[in-house]
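Let's take a walk through this structure together, one piece at a time.

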Amino acid sequence: MTIATGNLQAGEPVFYLVDEHEHAEGSSTMLGFWIYLMSDCLIFAILFATYGVLGGNYAAGPAPKDLFDLSLVAVNTSMLLLSSITYGFAMLQMEQSRVGATQAWLAITGLFGLAFIGIELSEFAHMIHEGATPQRSAFLSSFFTLVGTHGLHVTFGLVWLVTLMTQVSRYGLTEANRRRLMCLSMFWHFLDVVWIGVFTFVYLMGMLR
Amino acid sequence: MDAFHAHGDAHSGHPSGSRGSYLLGFTLSVVLTALPFWFVMGGTLGDKQVTALVIMAFAAVQIVVHMIYFLHMNTTSEGGWSMMALIFTVIMVVIALTGSLWVMHHLNGNMMPVHDLSRMR
């Protein structure tokens, strides 16, 4: 709270904080990571806008109705939703400092995430096999870019999850590991929020076109 | 003075949910996900325009539910800065989305019709 005591002997007033106040290690990590997520949100906004503009340009190719299997998308959505709640349970166990239970819930989260990626990749493979490749039409280019970017995020989330599980098993639930797990928690829930946009705008609205 | 030190205090207690709040958020999400799928797959609402508007409203509500129950957003975490970042992002997203769709819609509307020549007089 000392202001302008830095160089009183010089007799010049100082109009800023002279003493650096304390920054606990990692005290700004959560806000910084949140701002990263917001910038990520802008990336997805641009991809959604691109899909919104180009989503109706089929170039006489396949339309959403010919390609999408809504029951498969519903299963996929439930995988991601379940992985969100299991990650929440992992965080609750972390607060109780139970390493084993935290690891178990994280592993279950990873399995749900893996199922999501697996279903999405099989859907993509099926579409490409039918000739609905990204270069077929503007609709398909923007579709694969948007949904693929989300899938890539989930994939990197899984890599991160495995990394953190290794960290926790080796060093336990240290302060740093708790902070990392909270960052991944935000990342994981954020991807679920983006998926709400994807299944609504791309899949459900696509079937209504 | 408070502004300088607020961020130092804010991190001490990260907002986190309880088992009950997670389960409540999950239940709401399941309902808010299942209903739009039912509307579209079953054609329950009949009119496509109405269905589109309804499922968009459901998505908006579900995003808010996830923000509150899973991401633990509130106006006080990190001294209010995470909420500020969120509000800024929402404004940018709205401008980017509505601007793109609006401009490109009118661009398409003003193009010379290629196939539908009947409307030309």
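The buried residues of α5 in chain A pack against α1, α4 and α6 of chain A. Keep in mind that you are looking at a predicted model. Which residues of α5(A) are buried? They are F139(A), L140(A), S142(A), F143(A), L146(A), V147(A), H150(A), G151(A), V154(A), G157(A), L161(A) and V168(A). Look at how the numbers in that list are spaced. An α-helix has 3.6 residues a turn, so residues three or four places apart point the same way.

With 34 residues at 1.5 Å each, α5(A) should span 50 Å, and its end C-alpha atoms are 49 Å apart, which agrees.

Pick out V198(A), which sits in helix α6 of chain A. Is V198(A) buried or exposed? A residue counts as buried once 20 or more other C-beta atoms lie within 10 Å of its own. V198(A) has 26 of them within 10 Å, so V198(A) is buried. Setting aside neighbours within four places in sequence, V198(A) is in contact with L146(A), V147(A) and H150(A). For a sense of scale, V198(A) and M94(A) are 104 residues apart in sequence, and their C-alpha atoms are 31 Å apart in space.

Let's cross over to the other chain. Chain B has four helices and zero strands, and from the N terminus on its elements run α-α-α-α. Of its 121 residues, 21% are buried. If you take the contacts in chain B between residues at least 6 apart in sequence, 59% of them join residues at least 24 apart.

How do the two chains meet? The contact takes 41 residues from chain A and 42 residues from chain B. On the chain A side, α1, α3 and α6 each give two or more residues. Sorted by class, that side has 29 nonpolar, nine polar and three charged residues.

Zoom in on one pair of helices in this contact. Two packed helices are described by the angle between their axes and the distance between the axes. For α6(A) and α3(B), the angle is about 175° and the axes are 10 Å apart. The two helices are therefore roughly antiparallel to each other. Among the residues that meet here are H189(A), D192(A) and V193(A) from α6(A), and K48(B), T51(B) and A52(B) from α3(B). By class, this contact of α6(A) with α3(B) has ten nonpolar, six polar and two charged residues.

A few residues of chain B deserve a last look. R19(B) is in helix α2 of chain B, and with 10 C-beta neighbours inside 10 Å, R19(B) counts as exposed. Then there are two residues in the loop between α3 and α4 of chain B, H72(B) and E78(B). Most residues other than glycine have a negative phi. H72(B), however, is not a glycine and has a positive phi near 55°, and E78(B), also not a glycine, has a positive phi of about 55°. H72(B) counts as buried with 21 C-beta neighbours inside 10 Å, and E78(B) counts as buried with 23.

Key:
Residues numbered from 1 in each chain as written. Chains lettered and ligands numbered in written order. Predicted model: local features only at pLDDT ≥ 70, side-chain atom pairs only at ≥ 80, totals over all residues. Contact = placed C-beta atoms within 7 Å. Expected span 1.5 Å × (residues − 1). Buried ≥ 20, exposed ≤ 12 C-beta atoms within 10 Å, placed from the backbone. Nonpolar A, V, L, I, M, F, W, Y, C, P; charged D, E, K, R; others polar. Axes fitted to C-alpha atoms, helices over the stretch in contact; angles between N-to-C directions. Parallel < 35°, antiparallel > 145°, perpendicular 65-115°, else oblique.
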